[in-house]
Amino acid sequence: MISFDIQQHKEKPIYQALLLGGACAVVSLLLILGNHTTTQAIEDHRTADKLAMLAQVLPQSYYTNDPLNETRELNHQALSAPATLMLAKKDGVVSAAAVQLSIAGWGGIINMIMALRPDGELLGVRIISHTETPGLADKIEMEKSDWITGFDGKSLDNVSEKGWQVKKDGGEFDQFTGATITPRAVVKGVHTGLLMYRRWAESEEGLKTLAGQASQNAENTPEAAS
Amino acid sequence: MSQFRQIFREGLWDNNVAMGQMLALCPLLAVTTSATNGLGMGIASLAVLLLTNIIISSVRGVISPQVRIPVLIVLIATVVTLVDMTINAFMHDLYKVLGLFIALIVTNCAIFGRAESYASKQPVLNATIDALAMGFGFMWVLVAVGGMREILGSGTLFANASLLLGSHFAWLETTVIPDFSGILLAILPPGAFMALGFLIVIKRLIDRRLPQKTNNDLVTISSHC
């Protein structure tokens with residue numbers, strides 16, 4: 001009887017070793033197989049999600065290229081991880097840019113994306129993910145409140161350095177009742193994004209990349225560089 | 001048949017995962033900010049519990065007691081990972097809603113508890129029934145705690161249920177108290193402890209009124225997670 005045989009050998013150390021090793025081998029095989037069959041599909045979904053996220057702040061009509069592949073890395077001391085700058089181009093000319101960054105909120109990392117015109121004016125901001133207090137600080141989500149649309153049209157030029165704070169701190173942006181830290185973090189994140197974009201736009205590489213549009217949009221370029 | 005009825009009775013009430021065995025409290029307390037979230041976690045746990053119980057019960061003959069714990073852990077972790085990858089790849093919309101819960105199942109002692117104490121000693125059919133009973137038992141507690149917190153915290157019940165279950169279930173979404181700003185405490189972590197505490201109190205009160213024979217073996221709490 002096979003089962004009887006197993007019972008007899010179960011106590012031997014070699015059985016334990018083989019069992020554990022065998023289980024790990026089988027499991028690893030299954031995981032390799034599973035990973036192999038799902039990687040491509042998961043990658044496709046991830047790209048689609050990123051594009052959908054981008055579409056929330058930047059309408060598809062703004063670009064003809066693939067902004068996900070036209071990226072730069074931006075750094076700022078206020079951020080713990082580098083931000084991603086995505087360039088939207090129409091007929092080879094930069095028509096808009098998107099900055100995705102993460103900033104520390106109250107309950108964890110707030111991940112956000114903002115779209116800007118080449119001159120640095122905000123087209124829109126959206127929160128991608130956050131772990132803030134539900135019911136209190138989740139008004140930063142578009143689904144819960146239109147607070148986040150308060151950033152539309154703002155830029156470093158039409159809001160002063162001091163204005164980039166919540167009203168409680170003397171700035172222009174509303175805080176929420178009972179939750180100041182979250183909106184403060186979002187305002188700081190947006191401000192940092194704009195500062196990083198301006199620094200990039202004024203850098204040699206940025207000027208060269210944006211130069212394509214200088215001929216078309218002559219008035220805006222000096223402003224962006226100012 | 002009465003044996004299966006007993007298994008269901010154990011899982012749904014007497015030896016309920018959350019209220020009797022006091023297991024799986026971390027996912028329970030963490031995700032139940034709404035009834036929909038509770039339901040999502042319940043579905044994900046039920047699916048994983050069913051798979052692990054069946055697999056472990058089928059290989060119980062070869063597992064030796066000395067190394068059973070690492071073998072069970074490896075098996076459970078693999079099932080959770082495979083379920084996570086499969087849902088992510090082929091049911092991506094569902095994954096966006098359930099993704100968080102599936103990863104959290106790894107922290108769920110109930111799965112391991114059932115594998116260790118039941119599935120590794122019982123035939124496949126019994127293990128399957130046990131998984132269903134325990135899974136549904138855990139699910140109703142999750143939905144009950146989530147529902148209590150959601151009604152008190154936001155005045156709604158099953159908000160966003162159509163995201164989880166599809167648009168056919170949009171009728172589940174109800175506003176219990178209109179224009180209600182909510183009691184914040186209910187949504188915050190202490191609210192989870194309170195809601196669960198009330199549920200356990202109610203269960204104990206009911207148990208006390210039941211004939212003595214059913215509660216003479218009231219659970220001895222041996223381990224927590």
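In the predicted model, buried residues account for 40% of the 225 residues in chain B. The secondary structure of this chain consists of 11 helices and 2 strands. Followed along the sequence, these elements of chain B occur in the order α-α-α-α-α-α-α-β-α-β-α-α-α. The radius of gyration of chain B is 18 Å, close to the 17 Å given by the globule rule for 225 residues, and chain B is therefore as compact as a globular protein of that length. The C-alpha trace of chain B extends over about 60 × 50 × 30 Å along its principal axes. Contacts within the chain were also examined by sequence separation. Of the contacts in chain B between residues at least 6 apart in sequence, 76% connect residues at least 24 apart.

The interface between the two chains was considered next. Contact between them involves 22 residues of chain A and 26 residues of chain B. On the side of chain A that touches chain B, helix H1 (2–9) and helix H2 (13–57) of chain A each contribute at least two residues. The greatest contribution to this side of chain A comes from H2(A), which provides 15 residues. Classified by residue type, the side of chain A that touches chain B comprises 13 nonpolar, 8 polar and 1 charged residues.

Terms used
Residues are numbered from 1 along each chain as its sequence is written. Chains are lettered from A and ligands numbered from 1 in the order in which they are written. This is a predicted model: local features need pLDDT of at least 70, side-chain atom pairs count only at pLDDT 80 or more; totals for chains, interfaces and linings use all residues. Helices (H or I, at least four residues) and strands (E, at least two) are DSSP runs, numbered from the N terminus. The radius of gyration is taken over C-alpha atoms; the globule rule is 2.2 Å times the number of residues to the power 0.38. A residue is buried if 20 or more other C-beta atoms lie within 10 Å of its own, exposed if 12 or fewer, and partly exposed in between; C-beta atoms are placed from the backbone. Two residues are in contact if their C-beta atoms, placed from the backbone, lie within 7 Å. Ala, Val, Leu, Ile, Met, Phe, Trp, Tyr, Cys and Pro count as nonpolar, Asp, Glu, Lys and Arg as charged, and the others, Gly among them, as polar.
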